[in-house]
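I opened this notebook to record what I looked up in one structure. The entries cover the ligand surroundings and then some helix packing.

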Amino acid sequence: MKIIDILKLKDRSLSFEFFPPKNKEKEMLLFKTIEKLSKYSPDFASITYSPTGLSKEKSIMWSKALKYKFNIEPMMHITCISSTKDEVSKILQQLKNDSIENVLALRGDILDNETFLRNSAFSHAIDLIKYIKSLDDFCIGCAGYPEGHIECKNLEKDVDYLSKKIDAGAQFIITQLFFNNTHFYNFMNLITKKGIKVPVISGIMPITSFNQILKFTNICGATIPEKLIEKLQNKSDDYVFNVGTEYTYNQCIDLIEKGFKRLHFYTLNNSKAVEIILQKLLSTKHI
Ligand code: FAD
């Protein structure tokens, strides 16, 4: 089923992101994680994609596993950086053959400018969205950035580009992680002013390790509130996990109570924190 048709049916949704593991042991762990999280009846789950294209077979394999083994609607991420049109069309054909109807169309991070300029047929995600639309009837999602994309100095300009991705055919938005809901509310105001009406799904990363959130925020440019840094730095792993998951739980409550009931968890292939948060949200009847 197309994710947009699922989203149209209700004003709340639950979804998870997984990445293709590198070895057999980690694959077994991911099977267990999906098994545990499937009990929460997610509306869909997504599988990440490496811009090098090296793990594309694995991304396809895990998308198929979601659909046929776990009965979860899959969405595969596709990054267009360093890809040729031919490569993209072959991947889409494979997805079509396996009846996978949903893709998250992304540019990918520019790791090596020279290689990118030489190889890529696509400069931005919008080029990929247009190309996918020209080939077939996929349901296409795109990325949005509550604090602005790291390369874009101006949030309003970033939202301008986002609205162009929607005009080109993206049907819903999944946001980058954020730890301060104020950024998300500001972003929602901006996109509403821009006339963007598609569903927006909040990207939620449970805080389980201080070093890990530092690493992710360094890569994507999201910020961590000062008070949270003070609370978590130089503390034991258990303390960070407990305080961090409580923080994420409260973040979800605030979103839901303000009417933003679409949650997409960046699971990092681990169910523990997500389950704690979901159990609490269930017990307080927020989901
Ligand atoms: P774009 O929309 O192309 O935007 C990139 C930059 O270009 C922005 O600064 C934007 O303001 C600017 N821009 C956009 N359009 C134009 C235009 N027409 N002209 C000029 N400038 C423009 N990465 C992976 O490698 N694999 C994944 O699986 C993956 N999954 C992700 C999932 C989510 C939900 C999110 C939020 C991100 C994910 N990423 C992933 C990271 C993503 O690839 C990077 O953030 C990347 O740098 C930008 O991708 P984009 O699709 O937002 O690019």
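Entry 1, ligand. I began with Tyr-49, where a backbone N or O atom sits 2.7 Å from a nitrogen atom of the ligand. I note here that the model is a predicted one.

Next I looked up the side chains that face oxygen atoms of the ligand. For Tyr-145 I found a polar side-chain atom 2.7 Å from an oxygen atom of the ligand. For Asp-158 I found a side-chain N or O atom 2.5 Å from an oxygen atom of the ligand.

Which residues come nearest to the ligand? I listed Tyr-49, Asp-109, Tyr-145, Asp-158 and Lys-165 as the nearest of the 24 residues around it.

I took helix α11 as residues 237–257 and helix α12 as residues 272–283. Their packing angle is about 45°, and their axes are 10 Å apart. That angle makes α11 oblique to α12. I recorded the crossing of α11 and α12 as right-handed.

I then went through the residues of this contact. On the α11 side they are Phe-241, Thr-245, Glu-246, Thr-248, Tyr-249, Cys-252, Ile-253 and Ile-256. On the α12 side they are Lys-272, Ala-273, Ile-276, Ile-277, Lys-280 and Leu-281. By class, I have 9 nonpolar, 2 polar and 3 charged residues in the contact of α11 with α12.

The crossing of α8 and α11 is right-handed.

From α8, the contact uses Asn-181, Phe-184 and Tyr-185. From α11, the contact uses Gln-251, Asp-254 and Leu-255. I sorted the contact of α8 with α11 into 3 nonpolar, 2 polar and 1 charged residues.

I looked up helix α3, residues 56–69, against helix α4, residues 85–97. The two pack at about 20°, with 11 Å between their axes. This makes α3 roughly parallel to α4.

Lys-56, Glu-57 and Ile-60 of α3 meet Ile-91, Gln-94 and Leu-95 of α4. The contact of α3 with α4 divides into 3 nonpolar, 1 polar and 2 charged residues.

Conventions:
Residues numbered from 1 in each chain as written. Predicted model: local features only at pLDDT ≥ 70, side-chain atom pairs only at ≥ 80, totals over all residues. Heavy atoms only, no water. Axes fitted to C-alpha atoms, helices over the stretch in contact; angles between N-to-C directions. Helix = DSSP H or I, 4+ residues; strand = E, 2+ residues; numbered from the N terminus. Parallel < 35°, antiparallel > 145°, perpendicular 65-115°, else oblique. Contact = heavy atoms within 4.5 Å. Nonpolar A, V, L, I, M, F, W, Y, C, P; charged D, E, K, R; others polar. Near = heavy atom within 4 Å. Polar contact = N/O pair within 3.5 Å; in protein donor to acceptor, adjacent residues only side chain to side chain. Left-handed = near helix turned anticlockwise from the far one by under 90°.
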